[in-house]
Structure formats: C-alpha cells, structure tokens
Amino acid sequence: MLKVTGTFLDEISFDIPHHNWGRKEWKKDFEAMQAIGIDTVILIRCGMKHFLAYPSKVLMKQAGCYEPETDVVEMFLDIADEMNINFFFGTYDAFGIIPFERSVEINKDVIKEAYDLYGHHKSFKGWYLATEISRRKLGAAEAYAEHGMLAKSLSNNLPVLISPFIANLQSHDDPELARQEQIAHEKDWRSILSTIQGAVDIVAFQDGHIPIHELENYLNINGRLIREYGMQYWTNCETFDRDMPIHFFPIKWEKMYHKLRIAERTGAEKAITFEFSHFMSPNSAYIQAHGLYDRYREYAGLKERD
Amino acid sequence: MLKVTGTFLDEISFDIPHHNWGRKEWKKDFEAMQAIGIDTVILIRCGMKHFLAYPSKVLMKQAGCYEPETDVVEMFLDIADEMNINFFFGTYDAFGIIPFERSVEINKDVIKEAYDLYGHHKSFKGWYLATEISRRKLGAAEAYAEHGMLAKSLSNNLPVLISPFIANLQSHDDPELARQEQIAHEKDWRSILSTIQGAVDIVAFQDGHIPIHELENYLNINGRLIREYGMQYWTNCETFDRDMPIHFFPIKWEKMYHKLRIAERTGAEKAITFEFSHFMSPNSAYIQAHGLYDRYREYAGLKERD
Amino acid sequence: MLKVTGTFLDEISFDIPHHNWGRKEWKKDFEAMQAIGIDTVILIRCGMKHFLAYPSKVLMKQAGCYEPETDVVEMFLDIADEMNINFFFGTYDAFGIIPFERSVEINKDVIKEAYDLYGHHKSFKGWYLATEISRRKLGAAEAYAEHGMLAKSLSNNLPVLISPFIANLQSHDDPELARQEQIAHEKDWRSILSTIQGAVDIVAFQDGHIPIHELENYLNINGRLIREYGMQYWTNCETFDRDMPIHFFPIKWEKMYHKLRIAERTGAEKAITFEFSHFMSPNSAYIQAHGLYDRYREYAGLKERD
C-alpha cells in the first residue's frame, strides 16, 4: 500500500493563509507527521517575492527582500535533526518581481549561501527546485539543470527533487483529443527530462490538475518516462481541493483515496503531499483536515489518534 | 414558533468542502440535530458527476461513476434507524457530465436500485428530487413528475420533496418592476405546480435568493400556490451566507431569524435547512456555526448546550 | 515599542462572516483584548444597508432598515463600562441603498439619536465616521466635516476618528511614477485635511493597500500632514491578509510585524486594528488568529497565554 511519507512545508505562503505558528506548534506538527510515517519534509521555497524564510544576505541585497523576523529554515532543520526527519531545501521563487533570467542567477548564490549556512545539519538531505513547470514553460528546464548540477556538486551529490504539474491544455471529453493530448504531454516531457537528466533525481508530479478518470493514463506515462531517464518516480498527492469555491480547503478523503490508489497502481515509489500542515494535520486551522488525518489513518491501518 | 426540524445532508458536496467525517462523527452530529428537534434528514443527492454516496451499479455502469470507498447511504440509514429520524433519499445529479435527457432516464433506474437496496430501512421515509429548478427551467418539471410518480408507486406512496429556488431575474428597486416580477413568478410556478401535481407532495423553496424585505411577498405567493395545488408548504431556511466574499460560511443569526419569522407568518408547515452539519452544528469545522447553534437554541427556548 | 491598543468591532459585517456571538462570547473577547493592552474599541458602523446594530427609529423610518433582534450597541457599552474600555460610536453606512446626500442628512439624525440613547455611558468616549474615503472621493470630506462638528458639539467635544485608505492608483514599479503618486497623494490629502480641520481629531490610515517596501514613504507623508493640521496620527494596522485567495483570513505575523515597526518609525501615537475579534483573537473562528495573538504577545513581551 502506497503511504504518504513526505510533505511540503508551506512556509513563505503564496496562496495559503499562514498558521502563525511558532516553534512549539511546528514541533507538535512534526510529531503528528511522524506518527503517520512521514520521514521527509520539503521546504516549498526559501523565499517568495520580498519575503524570506531565512535572513538571506543574497536575497536582501540582490532582490530587495525584507529581513525576516525569524529564521524558520534553521528552526525546521533543528526540529528535523532532533526527530530524524529528512529535510529538502527549496530554492527562491521571485514570482515576477525580478526578471526570470536574473532570478536564475540569484538562485545560484542562494544555493551556495544555503549550503554554507545549513549544510552541516544532519537532516539536510536534499534539494527542491521551487519553480513549478509544465510542458508549456520549457525554458525553465535549463534552469533546473543548472541549479540541480550546482546543488549536487556542492553537497556531495544530495538528491534533487522537482514537482511539476500536468498542463491541462484542452478539454478531454473527446477520447481522440484526450489521446492526442497525452501524446503531446509525453513528447514535451521527453524533451524536459532529457534536459534535466543528471541534474534531477526525483520527479513528483502534482496530481490535482487531471480528473480522476484520466489520471491513470497520465501517471502511467509519467512513471514510464521518469524511469526511462533514470530518475525516481514519486507522486505529489495534493491534499487540498481544487474544485471548491474556497481556494483552498482540505480535500475530500475519497478523492485522495482514488489518487493514492492510482499512483500505487502506476508504480510510484513514494508519495509526498502538498501539504500536511494545512490540509491533513490534526493541528490544522482547517478542521476538515483533522477528519482527513483520521480517515487516512484508518486507510493506513493505524489506530485511532488520542 | 416555527422551528427547524429538518436538514439536508450534504454528502457528495458540490460546493461545500467536505468534513471528512466517519461514522462516529456523523452519529455525534445526528445527536446534535436531534437535540434541537430535528426529526428529518434529506440526502441532497446520491451522486454528483462521477462521485457516489453508495456503490450504485446503475451509475457506475451508465454514467461512468467511480466506485466509492464507503456506502454513506447505508451509514445514514443505520444511524437514522437507531435514532428514529426520518430519511429522504436524494436522486442523482449529473451536473452536465451526461445529457439531461439521459440523466432523467438513468435516474429512474437509480430510484429502483435505491429502493431495492434501502427501502427496507424503517427510516426510509421519503424521496428528494435533487435537480434544483426555478421558473426559467420549465423543462425539469416533467422530469420531476416522472420521477415522483415512479418513486411513489414503488414505495407505497412515500412523500416526494423538492426544494426549488426563486429566480431573481431583475432588479427590484422599482416597486412596479418588483410587482411585475412577482406576477411572472406566480404564473410560471402555476405551470410547474400543475405539471408536478400528484407526483410531488412537499415544496420547500430556498429562501436565500431574495432580499429580506421582499421575501414575505414571495413566500406569500408560494404558500398560497402550493396549498392550492394540494401540496405541503415547507421552507428551506438556508443557513449559509450568500453575500459574503467567502463562498460559503454560516449565516449571521439575525438573517436566519428574519427569514424564519417571515416563513412562520406566511404559514410554512415545517422548516428545513441547507444545511445543519456545516452551517449550524456545534461540530462544524466552521466555528461560526457553533455560535449559530447557540443563538438558535436561545431563540427556540432550549437551555444552553453543555 | 508601538503596541496595538485599539480595535474596531465588526458588528454589522460588510464582508467578514459573523461569529454569531452572544454577550458571553463578546465579554470573553473583550477580556482577551484587555489582556494585551487594548483600551479602545471602535464600532465600525451602527448600521449598514438594511441591517442595524441598535433599534434606530431614525434608520428604520428613514432608510427602511430592519428591526434588529438585539441591541448590540447597548451590549458593547455595558461591557465597556464594566471593563473601563473606551468606546467610539461608528455612524451609518448606506452602501448605496439610498443616495449619498440623503445618507449624509440621515446620519445627522443618527448622531443625535445615538447620543441621546447612549451618551450617558461612561465608556462613550468618541465618534467614528464610518464612510471610508481615499483621495478619489473628495466629496466625502464635507460630510466628515459636518458630522464631526455636529458630533463634537453634542458631546462636549468628544474626539472624532476617521480611518481612510491610501488609494493605490498606479503601479509603483517605476520609482519616478511612485514619487509622482506620492506627491499627488499629499496634495489631495492636504485638501481633505484642510476641509475637516476642527471636525476630526484623529486620523488612522489603513495600512494594507501599499506594499511594505513603499509603506514607509506614505506613512511619513501622512504623519507629517496629520500633525501639521493639528490632528493625532494613529495607524490602523490591518490584521487580515489582502493578498490571499480567501477574502479574508488573518494576516501572517511577519507582515504585521513589518507594518507596526514602520508605523512606529514614522511616529504613530497609537495603533488600532481592523480587527481583533476575527483576525487576532484567541477566540476567533479563524484559528490562524490564535497564532497571531501568540506571536503578537511574544513581540509585546507578554507571557504565554494559558
């Protein structure tokens, strides 16, 4: 049975309201993660626009970022060290406040700075390249390759993870159109994967853009391609609901159940999620997440939580 | 005093994020319902698009629906049996994934299947026709008539409920335009009610589409017409707020108070709500609902909850 | 250190779902306010459209408002009396259901009625003029002047507060455009402040419309102008997040931290917030607010809450 053993940490939120947790609350949430078998946390990004998760001299100087009140990267690594959890460091995402080419250059300095500051932590176990791409933004693949190679060379070859999305470019009601769409998807991703081969070790596609009855076709293609290019096929089982008027609340368990089973059937080696703390945690401000945690525990054969 | 004695169950959510409750949480919520006098629960629909509330062979085969992980219809009926609560079964709503005419045909098989599977439950006490209509979708009335007649004939004449909305077609600032609008509303609904006479027993209009200062005019028309066609006039006192940027959170008590009093003055025989568990329950993930429950208890003369 | 010592009360909600609190819950929330040093509460408005916070004969008769179930103004004043908290009374906001000129006239009767009904309360310590203006609605300044003069003359010169917003009319990426924008802002506000001089005592600009890296420039201008016209410069440190898809949830603490520090550096005499109960309270239905309360307490040097 495929279980969720990794989660993003959505510090530096783009579109999810912040919990305003301090160290005590984060520690408690890491414990709730570990209680269901999560062994890996992935910082979604170390900075976004003007906001930073650590006091980066590089980003304050080169991108005009604000000095943060606290260093949450250090805090996450401390907790992860204590708890034997693996931490992946996410790069900076400018989200358009500086030109893309410049953000690619700055991120190289960020990668060096981050490894200097945090590489000594025993829980520092990998890198996450924060820019999300689909087949429509082929330009980003070269940046992935550069960042991945740099990060690996600095860190004695620590693994590099990406989590792209499946671009849902056309209506899929017509089976022939759907088939053509899948062929185009495969073609584009061959191009991307050949570009990033050697620089990226793990690919975990987001699973929330495709209707459930089409998902298996896409995950089969993805799994086959990823293995063909020598990478690990993980799935990012999104735990928020994309089709509700409130953007975004925890997903209905049944949808997560279907998505996990499809990922398992298509051979995913590991499931991670975006993300535990808001959408699946018994500590979430969204109480629907407490129910999702309970339903998931039943599914995973774990006893009822206290 | 008109009290809320029925509620929809929003399993198979269209636009309300799911609580991810299991049997234990649902049982507890049925208890909170019963504690304020709710004696009737109405399944809003047994399926929507590809999702099902019970493992319907009809819908998996004919509409391509997904096999659900659990049978919540059975669960609701079990709890209702235990607690002496009346259960109304809601039909399937394709929401456009199959043509309307075809969904009308499929729903006939659904009604038969559902009565075969669940008709033996002592709490199975009625039918709810899930498609919501207003006067602009006159075509749906014929489907109501067909489904209502079939359901009644199968089930020894169990009552059939619909809960349409009042189409708010024009601005109502001008009193003369408002009056014309009301006349058009009455004319259209005469046509609909004459079509469904004999097939539908209860009409509970949604009360949230009309400003409070116009609502009494509409409910007076509705009550008069419904009685004229020999049906029961109930009200669906919506407990969510339609005029907030967050779609949808619990309503402000004062609005519910005004709406209940208007329904009472216009002779409503029973008030139901869409819906207790999210918007009015002390167990809701929306904590504003806990306050609404408390305010409603004060209004209904019930002692403070523990 | 600049601390938050005042809050709006968002009774008669425009766009924030209501908590459905009764007196017991409000009392508890006033205690949570006082525990962090809040000494002033400001009723955001006494009525909006058809809804009223007190049974105003003026507004029921002249604006067609609904008779409210309870008198929350009396309730707030009672609690404020008990707890030695200052209460500012907010005027009526028609939000377009009657013409602006007429609402200006009606508000004069509202001010008289409110002082007749509630002026004897020892906690009745000031007035808040509810219409929010920016430099684009210069017409409102004359109404402020009329209402402020009337309110002060009736009430032995109690202070009058306004809380306008900074109109963000143009993109600010270009430094020269940003500078021109600031000059235009200063010019318009000189005109407004000269119009309301003598009628308004306190100006607390909303701080959420301007990016943090531009905020200091604007607050410097505002502070200088407000003092020049002999008024008190307060800041309205908004505690909700304007840049999330959910409108509106509690702000990330880091943003509040930056805004408070900028207000302090620019000489603000007092910080109030819109608003404590939803966005910063340990009693809020938004659990993110509980975290904000905790982070703010740490910042303010207060011990951990129980």
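**Entry 1: chain C against chain B**

I began with polar contacts and found eight residue pairs across the interface of chain C and chain B, both residues at pLDDT 80 or more. I took a polar contact as a pair of N or O atoms within 3.5 Å; within protein, one must be able to donate a hydrogen and the other to accept it, and residues adjacent in sequence count only if both atoms are side-chain atoms. On the side of chain C that touches chain B, H1 and strand E4 (51-52) of chain C each supply at least two residues. Helices (H or I, at least four residues) and strands (E, at least two) are DSSP runs, numbered from the N terminus. By class, I noted 15 nonpolar, seven polar and six charged residues on that side of chain C. Here Ala, Val, Leu, Ile, Met, Phe, Trp, Tyr, Cys and Pro count as nonpolar, Asp, Glu, Lys and Arg as charged, and the others, Gly among them, as polar.

Before going on, I noted that this is a predicted model, in which local features need pLDDT of at least 70, side-chain atom pairs count only at pLDDT 80 or more, and totals for chains, interfaces and linings use all residues. Residues are numbered from 1 along each chain as its sequence is written, chains are lettered from A and ligands numbered from 1 in the order in which they are written, and side-chain values use heavy atoms, with hydrogens and water left out.

I then looked up the extent of the contact: 28 residues of chain C are in contact with 22 residues of chain B, contact meaning heavy atoms within 4.5 Å. Chain C and chain B bury about 2,000 Å² between them, 60% of it on carbon and sulfur atoms. Buried area is the accessible area (1.4 Å probe) that two parts lose on being put together, summed over both. In chain C, the residues that lose the most area to chain B are Asn20(C), Tyr66(C) and Glu69(C), together 32% of what that side buries.

**Entry 2: salt bridges between C and B**

I counted three salt bridges between chain C and chain B. The rule asks for a side-chain nitrogen of Lys or Arg within 4 Å of a carboxyl oxygen of Asp or Glu. In one salt bridge, Glu25(C) meets Arg295(B) at 3.8 Å, N to O. In another, Lys252(B) meets Glu11(C) at 3.1 Å. Lys252(B) lies in the loop between strand E10 (232-236) and helix H8 (253-265) of chain B, and Glu11(C) in the loop between strand E1 (4-9) and helix H1 (23-34) of chain C, so the pair joins two chains. Lys252(B) is buried, with a relative accessible area of 8%, and Glu11(C) is buried at 5%. Buried means under 20% relative accessible area, exposed over 50%, and partly exposed in between (1.4 Å probe, protein chains only).

**Entry 3: chain C against chain A**

I turned to the contact with chain A, which takes 22 residues from chain C and 28 residues from chain A. In chain C, Met244(C), Lys252(C) and Gln288(C) lose the most area to chain A, together 27% of what that side buries. I found three salt bridges across this interface. One of the salt bridges I looked up joins Glu25(A) to Arg295(C), with the closest N and O atoms 3.8 Å apart. H10(C) gives the most to the side of chain C that touches chain A, with six residues. That side has eleven nonpolar, four polar and seven charged residues.

**Entry 4: how the copies are related**

**Entry 5: salt bridges within a chain**

I found 74 salt bridges over all chains. Lys108(A) and Glu146(A) meet in one at 2.6 Å, N to O. Lys108(A) lies in helix H4 (residues 100-118) and Glu146(A) in helix H5 (residues 139-154) of chain A, so the pair ties together parts that are 38 residues apart in sequence. Lys108(A) is buried at 17%, whereas Glu146(A) is partly exposed at 37%.
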